[in-house]
Amino acid sequence: MMYNLFSYSGFCKIFKENFNYKFGQPQVDCCCTCEELKLKIKSPHINDPAKRCAIADLAVHNRKSKQFYAALKEEFLDELKGLNNNVLSLSFDYMINVSLPKVPVQDHFYLRQLTVNLFCVHDIKKHKAVFYC
């Protein structure tokens, strides 16, 4: 009923102007190495040479990460342009484990009978993804 009175752009405008909600990237898939090095750098119990070493390791790790993602982006753009017809680019993502039933009682955690595993294979060139449960 309300949707018939307003358009999508109307709802969007009201939502942006009257509500202070912000959306961003979920931080579920954090790199373990990045998190470990950041914790070492912030730790008050670590000496200065070890902290400098952790900062250098984080810089090297970030540089390698940027090189990897730049190569992945280049491969993706080449796939879109049709330059690499002989290359198949796939992305694999082991997404999440959902334990059912969800109960807040810690003693019952190991008594759960069902775990749903989600796995995704994405064909970069065709923009098609297949989910497996």
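Asp 57 lies in helix H4, which spans residues 48-81, where helices (H or I, at least four residues) and strands (E, at least two) are DSSP runs numbered from the N terminus. This briefing concerns a predicted model, in which local features need pLDDT of at least 70, side-chain atom pairs count only at pLDDT 80 or more, and totals for chains, interfaces and linings use all residues. Residues are numbered from 1 along each chain as its sequence is written, and side-chain values use heavy atoms, with hydrogens and water left out. The chain contains four helices and three strands, in the order α-α-α-α-β-β-β from the N terminus on.

**The chain as a whole**

- Of the 133 residues in the chain, 11% are buried; buried means under 20% relative accessible area, exposed means over 50%, and partly exposed lies in between (1.4 Å probe, protein chains only).
- Among the contacts in the chain with a separation of 6 or more, 36% are between residues 24 or more positions apart; a contact means heavy atoms within 4.5 Å.
- The chain exposes about 11900 Å², and carbon and sulfur atoms supply 60% of this area. Accessible areas come from the Shrake-Rupley method with a 1.4 Å probe, and for residues only the protein chains shown count as cover.

- Asp 57 counts as partly exposed, because its relative accessibility is 39%.
- Asp 57 and Thr 33 are 24 residues apart in sequence, and their C-alpha atoms are 9.5 Å apart in space.
- Lys 38 lies in helix H3 and has a relative accessibility of 40%, so this residue counts as partly exposed.
- The C-alpha atoms of Lys 38 and Ala 54 are separated by 8.0 Å, while the two residues are 16 residues apart along the chain.

**The salt bridge**

- A search of the whole structure finds one salt bridge, a term that requires a side-chain nitrogen of Lys or Arg within 4 Å of a carboxyl oxygen of Asp or Glu.
- This salt bridge joins the side chains of Lys 40 and Glu 36, at 4.0 Å from N to O.
- Both Lys 40 and Glu 36 belong to helix H3 (residues 32-42), where they are four residues apart, about one turn of the helix.
- Lys 40 is partly exposed at 37% relative accessibility, and Glu 36 is partly exposed with a relative accessible area of 47%.

**The strand hairpin**

- Strand E2 (residues 114-123) and strand E3 (residues 128-132) run antiparallel and are joined by five bridges; two strands pair if DSSP finds at least two bridges between them.
- One of the residues in these bridges is His 122, whose partner in E3 is Ala 129.
- E2 and E3 form a hairpin with four residues between them, and His 127 in the turn has a positive phi of about 55°.
- Asp 123 is placed in strand E2 and is buried, because its relative accessible area is 12%.
- Leaving aside residues up to four places away in sequence, Asp 123 touches Leu 88, Ser 89, Leu 90 and Lys 128.

**Aromatic pairs**

- A pair of aromatic rings is described by the distance of the centres and the angle of the planes.
- Two aromatic pairs are found in a search of the whole structure. Rings of Phe, Tyr and Trp (its six-membered ring) pair if their centres lie within 6.5 Å; planes under 30 degrees apart count as stacked, over 60 as edge-to-face and the rest as tilted.
- The ring centres of Phe 68 and Tyr 69 are 5.1 Å apart and their planes stand at 75°, so this pair is edge-to-face.
- The rings of Phe 92 and Phe 119 have centres 6.2 Å apart and planes at 20°, and the pair is therefore stacked.
- Phe 92 is exposed, with a relative accessible area of 53%, whereas Phe 119 is partly exposed at 29% relative accessibility.

**The nonpolar surface patch**

- Met 95, Ile 96, Val 98, Leu 100, Leu 114 and Phe 131 make a nonpolar surface patch of about 500 Å². Patches are made of residues with over 30% relative accessible area and no salt bridge; like charges are joined within 9 Å, and nonpolar side chains (Val, Leu, Ile, Met, Phe, Trp, Tyr) within 5 Å.
- Strand E1 supplies the largest share of the nonpolar patch, with four residues.
- Val 98 lies in strand E1 and counts as partly exposed, because its relative accessibility is 32%.
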